[in-house]
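Let's take a slow walk through a protein structure together. Have the sequence and the 3D view ready, and look up each residue as we get to it.

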Amino acid sequence: MSLTAVQESHAFDPALESAPTWGNSELVALRKSAADLFRQKGFPTLKDEEWRYTSVAPITSKSYVLAASPGKTEHAIAEKRVCANLVVIDGHFVPELSDLGRLPKGAAVFPLREACEKNWGQVGAHLGRLVDWSFYPFAALNTAHLNDGIVLWVEEGVVVEEPIQVTFVATAGRVAHPRLLVVVEKGGGLQLISECYAEKDAFLNLVEEGWYGESSAVRYTRLQDADDEGSLVATFTGKVLGEASVETETVTLGGGLVRNDSGLILAGENIHATLDGLYLGTRKQHIDHHTFLDHTMPNCNSFENYKGILDGSAVGVFNGKIFVRHGAQKTDSKQSNRNLLLSRDATVNSKPQLEIFADDVKCTHGATIGQIEPSQMFYLQSRGIPKEHARQILTFAFANEIIEKIPHEPLRKRLEEEIFARFTPGREET
Amino acid sequence: MLTVKNLHARVEDKEILHGVDLQVNAGEVHAIMGPNGSGKSTLAQVLAGKEDYEVTEGEALLDGEDLLDLDPEERAAKGVFLAFQYPVQIPGVSNAYFLRSALNAIRKARGEAEVDPMEFMKTLREKAAKVGMDDAMIQRGVNEGFSGGEKKRNEIFQMMMLEPRLCILDETDSGLDIDALRIVADGVNSMRSPDRAFLVVTHYQRLLNYIVPDYVHVMVGGRIVKSGGRELALELEEKGYAQFEKEGATV
Ligand SMILES: Nc1ncnc2c1ncn2[C@@H]1O[C@H](COP(=O)(O)OP(=O)(O)OP(=O)(O)O)[C@@H](O)[C@H]1O
Ligand SMILES: [Mg+2]
């Protein structure tokens with residue numbers, strides 16, 4: 001009850017009046033309809049089924065600056081760059097920090113604003129048309145402020161061999177509503193890495209749309225992190241056409257409040273899709289993953305594997321929806337959510353939500369919440385490995401099942417080191 | 001080397017070991033045989049330091065030093081090794097990484113320098129080859145997806161890498177085909193030395209044809225009820241444990 005009260009008397013002015021106004025009539029209308037919707041619905045509360053375990057008070061109890069230009073970031077952009085890298089800070093594309101690498105003919109990257117101005121025909125047909133912002137209040141808020149971000153376009157049959165990295169940062173005290181629009185046409189191939197970071201007292205509100213054409217092959221790794229006093233909301237919807245393969249993993253390293261709404265619409269036959277995730281929470285961090293896999297056509301398989309490691313008094317939330325629509329026969333879908341609690345005060349709310357309207361399908365799901373297995377501890381100790389080190393090894397091993405799937409080696413190594421170091425004995429996290 | 005005196009151990013409220021006495025000297029091989037549930041694994045695990053068991057009476061000394069007060073890792077550093085009856089799987093931790101961490105931890109505890117990584121890999125490959133483990137298996141998660149026999153060979157491989165002084169083998173021969181049995185026995189025999197001792201728990205006299213014991217003990221109902229030379233194993237093979245069951249049951 002008290003939480004609801006806090007939410008109602010928020011300091012955060014959604015600043016719908018100061019939203020950008022540039023662009024053609026369609027773009028202006030898009031912003032306006034999103035703004036109208038947000039005005040009508042407002043911020044979600046704990047009474048909202050989709051927000052039962054996540055209070056938005058950490059976001060709404062602060063006030064932010066909606067900046068007209070990028071601020072200076074503490075985030076180590078250069079250090080964390082693992083390949084061609086595009087950087088968006090406080091919602092503005094920053095050419096000085098971006099480095100495009102070599103893109104093959106037929107693949108292109110644009111700052112969103114430039115893409116809207118020069119090529120509305122193509123951009124307008126995809127922008128704001130995939131993420132259902134009537135269902136996601138923060139996506140509506142983002143759309144109402146639609147201004148800048150990145151558009152990545154891979155033309156028919158073009159395979160981009162080198163991975164591309166995009167980085168989104170909200171700097172201290174600021175709010176940002178950037179967009180990522182990815183279009184991979186028929187037969188295209190892309191390896192994408194995105195990284196989000198919200199600094200102290202910042203709120204990063206990202207919306208991502210991914211259009212994955214027939215027979216395309218997409219490998220997508222998402223990294224997320226935020227300060228203990230920062231908030232990150234990421235709404236991601238991908239639409240996958242027939243014969244395509246889309247494999248994703250979202251690695252959340254922490255954050256005061258991190259909320260994800262991620263999902264894939266499988267809109268063709270013979271699609272292979274994975275939606276994996278790893279989330280690490282400590283202290284009072286709150287990490288929420290709401291996901292969906294929407295099987296609308298027959299003969300597709302989807303695999304979802306989310307793993308959480310929670311320490312301190314961190315809270316994890318997992319809600320995994322799987323829809324198998326009428327006619328989506330021969331669907332093969334597996335969902336798993338396993339959680340490792342490293343302290344007494346850490347908690348997880350895990351909920352699978354399967355809605356199946358076809359009869360010839362294979363759907364399995366499972367969730368576990370547990371501690372480190374004592375028999376494994378004893379095995380390591382009996383070989384001479386001290387208790388604390390054994391805990392570190394086993395905790396890392398739990399995380400590594402997701403990390404080892406990351407195809408880009410420099411990134412995988414970086415994360416291995418970062419995550420292993422996090423569980424170093426003596427690095428007390430309370 | 002190992003002296004066990006009147007050892008009583010229990011799990012929760014249930015006493016399982018009712019006073020075990022055992023003297024194992026350096027250079028010797030001791031076999032322990034006995035019916036299912038008689039406490040053989042319990043004794044092995046108590047010696048390795050498993051927390052679930054509470055020792056209520058008696059003592060276990062390694063070279064005169066109390067073992068029971070030490071953590072499992074400290075016992076390992078002193079040279080105690082248990083080849084588990086049921087080795088666990090640890091996905092996500094490769095055998096190679098696991099063994100290097102173990103070896104370095106033991107060396108650190110003894111005040112020795114870490115192993116040279118290149119040297120380590122060389123030894124690892126050589127010893128793995130001896131138990132029929134290839135590179136792919138070395139890089140796989142510890143016992144991850146290993147067959148029963150592969151897990152047992154992996155236990156012997158670990159023993160060869162860590163070079164302990166007191167080697168406790170809990171039914172390492174169970175579930176092995178005849179070739180694997182030979183591999184395991186060769187592994188043990190190659191490690192026999194005047195300053196190393198073996199305590200081998202087995203149900204089968206067959207293993208003792210390969211690993212010839214100096215002493216055979218019969219454990220029944222949480223106690224060692226008879227000890228003798230290797231001929232005792234042959235006698236057990238013939239007559240079974242019926243002759244001892246009465247004694248055990250009275251406990
Ligand atoms: N953790 C435990 N909790 C409850 N009972 C236990 C536990 N460990 C062992 N026991 C019991 O103690 C007895 C001895 O078990 P133990 O495993 O030592 O037998 P064993 O001689 O090794 O048998 P086997 O030949 O079948 O391996 C059994 O009755 C077993 O059920
Ligand atoms: Mg046993």
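Predicted model: local features only at pLDDT ≥ 70, side-chain atom pairs only at ≥ 80, totals over all residues.

Residues are numbered from 1 along each chain as its sequence is written, chains are lettered from A and ligands numbered from 1 in the order in which they are written, and side-chain values use heavy atoms, with hydrogens and water left out.

Which residues are the closest to ligand 1? They are Gly37(B), Lys40(B), Ser41(B), Thr42(B) and His203(B), out of 15 that surround ligand 1 (a residue is near a molecule if one of its heavy atoms lies within 4 Å of it). Sorted by kind, the shell has four nonpolar, eight polar and three charged residues. In that sorting, Ala, Val, Leu, Ile, Met, Phe, Trp, Tyr, Cys and Pro are nonpolar, Asp, Glu, Lys and Arg are charged, and the others, Gly among them, are polar. Helix 1 of chain B gives the most to this shell, with three residues. Helices (H or I, at least four residues) and strands (E, at least two) are DSSP runs, numbered from the N terminus.

Now zoom in on the oxygen atoms of ligand 1. One is 2.8 Å from an N or O atom in the side chain of Ser41(B). A backbone N or O atom of Ser38(B) lies 3.2 Å from an oxygen atom of the ligand, and a polar side-chain atom of Glu171(B) also lies 3.2 Å from an oxygen atom of ligand 1. Taken alone, ligand 1 exposes 630 Å², and the protein buries 67% of that (areas come from the Shrake-Rupley method with a 1.4 Å probe; for residues, only the protein chains shown count as cover).

Over in chain A, find His289(A) in strand 15 (residues 286-295). Is it buried or exposed? His289(A) counts as buried because its relative accessible area is 0% (buried means under 20%, exposed over 50%, partly exposed in between, with a 1.4 Å probe and protein chains only). Its side chain makes a polar contact of 3.2 Å with that of Thr252(A) and one of 3.5 Å with that of Asn260(A). A polar contact is a pair of N or O atoms within 3.5 Å; within protein, one must be able to donate a hydrogen and the other to accept it, and residues adjacent in sequence count only if both atoms are side-chain atoms.

Next comes Glu214(A), in the loop between strand 9 (203-212) and strand 10 (217-226) of chain A. Glu214(A) is partly exposed, at 39% relative accessibility. Leu103(A), in the loop between strand 2 (92-93) and strand 3 (107-111) of chain A, is also partly exposed, with 25%.
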